[in-house]
Amino acid sequence: MLEGIVIRSTGSWYNVKNQSGETIACRIIGKFRLDGKKVTNPVAVGDHVKYVIENEEENTGIIKEIVDRKNYVVRQSPRKKHFVHLLAANVDQAIVIVTIREPKLKQGFIDRFLLMTEPYNIPVTIVFNKADLYDKGDLGVYNYLKDIYNKIGYDVLLTSSIDGTGLEDLKATLSGKVSLVGGQSGVGKSSLVNTLSDQLDLRTQDLSNYSGKGQHTTTFAEMFDIDENSTIIDTPGIKTLAFNHLEVMDVAHNFREFFEASDECKFGDCTHRNEPKCAVKAKLETGEISELRYNNYLQLVEEVEDQNYWERIKDV
Ligand SMILES: Nc1nc2c(ncn2[C@@H]2O[C@H](COP(=O)(O)OP(=O)(O)O)[C@@H](O)[C@H]2O)c(=O)[nH]1
Ligand SMILES: [Mg+2]
Ligand SMILES: [Zn+2]
């Protein structure tokens with residue numbers, strides 16, 4: 001069988017790049033599942049697959065096998081609530097791009113993104129873009145957040161594709177790796193990639209287009225080479241991230257500093273809310289655990305609980 005990497009998916013077709021750099025449009029036959037979860041797209045960008053040629057003239061193939069994944073990133077499907085959507089597979093790291101200005105940073109977004117990447121311990125760099133627009137107050141916010149995330153082991157960068165801030169650092173971060181790149185629409189993801197790459201010219205969009213209704217948003221990820229040794233998987237602008245597919249303990253286990261502290265909680269299944277002798281709450285008191293993280297955690301736990309409650313009622 002032939003082998004290649006999925007570089008793009010458009011619903012039912014997958015573009016597979018083989019060892020000689022050719023791209024073959026492949027489809028899949030049959031059902032694939034993911035740890036018992038229903039998936040909208042059984043094959044993800046970044047997947048290594050084995051395929052056979054179906055039609056020589058049209059250069060199409062059929063994917064027969066997905067090579068075991070090193071890791072993968074899923075989100076709840078934005079369209080089908082009971083399904084998960086595979087964003088990417090086999091990534092070395094993730095880069096989440098945010099900005100404090102234009103559009104304003106959505107409280108909780110970073111922690112939601114981290115909840116998505118943490119189950120596989122995927123290293124994450126948080127990039128604050130559009131630094132050229134930040135005033136003193138914004139830089140204060142940036143430094144405040146940088147401290148919080150650095151302290152728990154995430155890298156943080158300040159960048160601007162307009163004035164060049166941080167671009168060398170970002171390039172170095174991407175070098176030699178396959179990076180999943182995500183963020184909300186309009187944060188400057190495509191602009192940054194274009195600035196870093198001599199060979200790419202991704203479409204960028206006017207901010208005014210983002211708020212409009214009927215805005216065309218694609219939900220398909222795509223793999224690009226930025227240069228000879230850096231590959232990115234560009235994911236479409238993420239509006240919101242919901243976690244219908246998780247349980248409360250999944251959230252607790254994937255807030256990394258909470259998980260670390262939880263060894264010393266009295267109860268093994270402590271959710272760090274009203275339980276006695278909770279080490280997370282003790283660290284919150286002393287300031288070792290950030291209040292911002294804790295509040296976002298509570299929000300996510302509550303969301304997961306509410307969703308699961310209604311799911312259960314409906315199933316009766
Ligand atoms: N001021 C400023 N504007 C930027 C920067 N990067 C991108 N933009 C603008 O933000 C808008 C959205 O950019 P785009 O790259 O399409 O964002 P994407 O949706 O994240 O891919 C465009 O109008 C860009 O010109 C930046 O670093 N500074
Ligand atoms: Mg874009
Ligand atoms: Zn606890």
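Asn-121 lies in the loop between helix H1 (residues 109-117) and strand E9 (residues 124-129), where helices (H or I, at least four residues) and strands (E, at least two) are DSSP runs numbered from the N terminus. The structure is a predicted model, in which local features need pLDDT of at least 70, side-chain atom pairs count only at pLDDT 80 or more, and totals for chains, interfaces and linings use all residues. Residues are numbered from 1 along each chain as its sequence is written, chains are lettered from A and ligands numbered from 1 in the order in which they are written, and side-chain values use heavy atoms, with hydrogens and water left out.

Asn-121 has a phi near 50°, a positive value in a residue other than glycine. At 60% relative accessibility, Asn-121 counts as exposed; the term applies to residues over 50% relative accessible area, buried to those under 20%, and partly exposed to those in between (1.4 Å probe, protein chains only). A positive phi, near 65°, is also assigned to Lys-130, again a residue other than glycine. Lys-130 is placed in the loop between E9 and helix H2 (136-151) and is buried, with a relative accessible area of 14%.

Asn-129 belongs to strand E9 and is buried, at 1% relative accessibility. A polar atom of the Asn-129 side chain lies 2.9 Å from the backbone oxygen of Val-187. This pair is a polar contact, that is, N or O atoms within 3.5 Å; within protein, one must be able to donate a hydrogen and the other to accept it, and residues adjacent in sequence count only if both atoms are side-chain atoms. With neighbours within four places in sequence set aside, the residues in contact (heavy atoms within 4.5 Å) with Asn-129 include Ile-97, Val-98, Thr-99, Tyr-134, Val-187, Gly-188 and Leu-192.

Leu-192 is also one of the buried residues of helix H4, together with Lys-189, Ser-190, Val-193, Asn-194 and Leu-196. Because 6 of the 8 residues of H4 (residues 189-196) are buried, the helix is largely enclosed by the rest of the structure. The buried residues of H4 pack against strands E8 (93-99), E9, E11 (178-183), E12 (222-227) and E13 (230-234), and against helix H3 (167-174).

Two prolines were examined in loops. Pro-103, in the loop between E8 and H1, is joined to Glu-102 by a cis peptide bond with omega of about -5°. Pro-78 occupies the loop between strand E6 (72-76) and strand E7 (84-89) and is exposed, with a relative accessible area of 52%. Pro-78 and Ala-242 are 164 residues apart in sequence, yet their C-alpha atoms are 8.2 Å apart in space.

At the level of the whole chain, 9 helices and 13 strands are present. The radius of gyration, 21 Å, agrees with the value near 20 Å that a compact globule of 316 residues would have; it is taken over C-alpha atoms, and the globule rule is 2.2 Å times the number of residues to the power 0.38. The C-alpha trace spans about 65 × 55 × 40 Å along its principal axes. Buried residues make up 48% of the 316 residues. Among contacts between residues at least 6 apart in sequence, 66% join residues at least 24 apart.
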